[in-house]
Number of protein chains: 2
Amino acid sequence: MSEESDEKKRKFDSQEQEVYLSLWRTYDRLKGLEEELFQSWELTSQQYNVLRILQAAAPRPVPTLQISTRLISRAPDITRMLDRLGERGLVGRVRSQEDRRTVLVEITPQGLELLEKLQEPVKSLHISQVGHLSQADRTALCRLLQKTRKPHEPSDGHW
Amino acid sequence: MSEESDEKKRKFDSQEQEVYLSLWRTYDRLKGLEEELFQSWELTSQQYNVLRILQAAAPRPVPTLQISTRLISRAPDITRMLDRLGERGLVGRVRSQEDRRTVLVEITPQGLELLEKLQEPVKSLHISQVGHLSQADRTALCRLLQKTRKPHEPSDGHW
DNA sequence: AGACAATAGTTGTTTAGACGACTACTATAG
DNA sequence: CTATAGTAGTCGTCTAAACAACTATTGTCT
């Protein structure tokens, strides 16, 4: 997070900082493209992630907190996120009979339909984001990213 | 963004997607550590980034929009961000005489003092984030991240 | 069986990101 | 010189992240 007034003189406090800030910046630039795409469908990336999780689980419903653990980024307000998806008819919710604390969530046919429509645009998005890298670079990057986050992942994580 | 109900069966739609989601996930995990640190100082990473930009420019003040262009992540509400920093006495603002549309921002002695206090904790943070990587891995990762974001950077960008 | 701890989800509230409209000012064209 | 376009920052407003308190339910212990 060091920005010099003289831009010829970019300097980081440490290499570790350089790594982290590069990561932040790179993600931020790519995220912008994603947001642009999802915006035209009135979706956020978190909502899309939820729908994909439910799609993968279909036809089985998923408990609310289990969705949370599977999300890429934590969602402290999962209840209202699901409220909003529910209001659009993209997900359905029902309280479990086995454990009445638990709410089971499933994707609706309307939700599946939306994902179907988004399939190609999302595929194109990712290509526009990182398609310029060679396959070797992509592989190496994935490996390094995985190595980077590994100590920071929960032990029972899905990543 | 594909999460399988059967976690043994992680599958991405494409390698490009895998890259992007790895990036998102990795950043998110590391960001969590950063937020934890800054929280105890009642700062956000964006605010810290602003302070660092101003520190680097000191004693010269920086026009508001120039701060924006130098931030790692865009700040659509820079005005109010600076309001909040100003209320804490960390930055000062004055309208430029040369061009009265422009507000010049500078870091206060109090702001510099805060950055001084944060220097060691921030250094330790970055080490805890990525210190487990070898130097070669860190170098490679930086190179790949730079390559990844390059087509997505503004042409007059600072990155 | 009852008491208490743990769990799942919900709700109240605050905060900051984000968009777009607005005000004031400067630059440019005729 | 005047009118208009462009620029810088501010303000109104909406949305979702985020924390913490709360309610209801289940699990555990005695």
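This is a chat about a predicted model with chains A and B.

Trainee: What should I know about the numbering and the model before I start?

Mentor: Residues are numbered from 1 along each chain as its sequence is written, and chains are lettered from A and ligands numbered from 1 in the order in which they are written. The model is predicted, local features need pLDDT of at least 70, side-chain atom pairs count only at pLDDT 80 or more, totals for chains, interfaces and linings use all residues, and side-chain values use heavy atoms, with hydrogens and water left out.

Trainee: How are chain A and chain B related?

Mentor: A rotation of 180° with 0.0 Å of shift along its axis superposes chain A on chain B, with an RMSD of 0.0 Å. The two copies are thus related as by a two-fold rotation axis.

Trainee: At what angle do α1(A) and α1(B) pack?

Mentor: The angle is about 125°, and their axes are 9 Å apart. Axes are lines fitted to C-alpha atoms, for helices over the stretch in contact, and angles run from 0 to 180 degrees between N-to-C directions. The two helices are therefore oblique to each other; under 35 degrees counts as roughly parallel, over 145 as roughly antiparallel, 65 to 115 as roughly perpendicular and the rest as oblique. Helices here are DSSP runs (H or I, at least four residues), as are strands (E, at least two), numbered from the N terminus.

Trainee: Which residues of α1(A) meet α1(B)?

Mentor: Among them are A:Y20, A:L23, A:W24 and A:Y27, and on the α1(B) side the residues include B:Y20, B:L23, B:W24 and B:Y27. Contact means heavy atoms within 4.5 Å.

Trainee: What does B:L23 touch?

Mentor: Not counting residues up to four places away in sequence, B:L23 touches A:L23, A:T26, A:Y27, A:L30, A:L145 and B:L145.

Trainee: How many residues are in the largest nonpolar core?

Mentor: That core has 32 residues, and those with the most contacts inside it are A:L21, A:L23, A:L141, B:L21, B:L23 and B:L141. The elements giving two or more residues to it are α1 (15-39) and α6 (135-149) of both chain A and chain B. A nonpolar core is a set of buried Ala, Val, Leu, Ile, Met, Phe, Trp, Tyr and Cys residues joined through side-chain atoms within 4.5 Å.

Trainee: New topic. Is B:L43 buried or exposed?

Mentor: B:L43 counts as buried, at 5% relative accessibility. Buried means under 20% relative accessible area, exposed over 50%, partly exposed in between (1.4 Å probe, protein chains only). B:L43 lies in the loop between α1 and α2 (45-57) of chain B, and its contacts beyond four places in sequence include B:F38, B:L85 and B:L118.

Trainee: How far is B:L43 from B:L85?

Mentor: They are 42 residues apart in sequence and 9.2 Å apart in space, C-alpha to C-alpha.

Trainee: What about phi of A:E42?

Mentor: Phi of A:E42 is near 55°, a positive value in a residue other than glycine. A:E42 is in the loop between α1 and α2 of chain A and is exposed, with a relative accessible area of 63%.

Trainee: Which peptide bond in chain A is cis?

Mentor: The one from A:A58 to A:P59, with omega near 5°. A:P59 is in the loop between α2 and β1 (62-63) of chain A.

Note on methods: Copies are superposed by least squares on the C-alpha atoms of residues with pLDDT of at least 70 in both.
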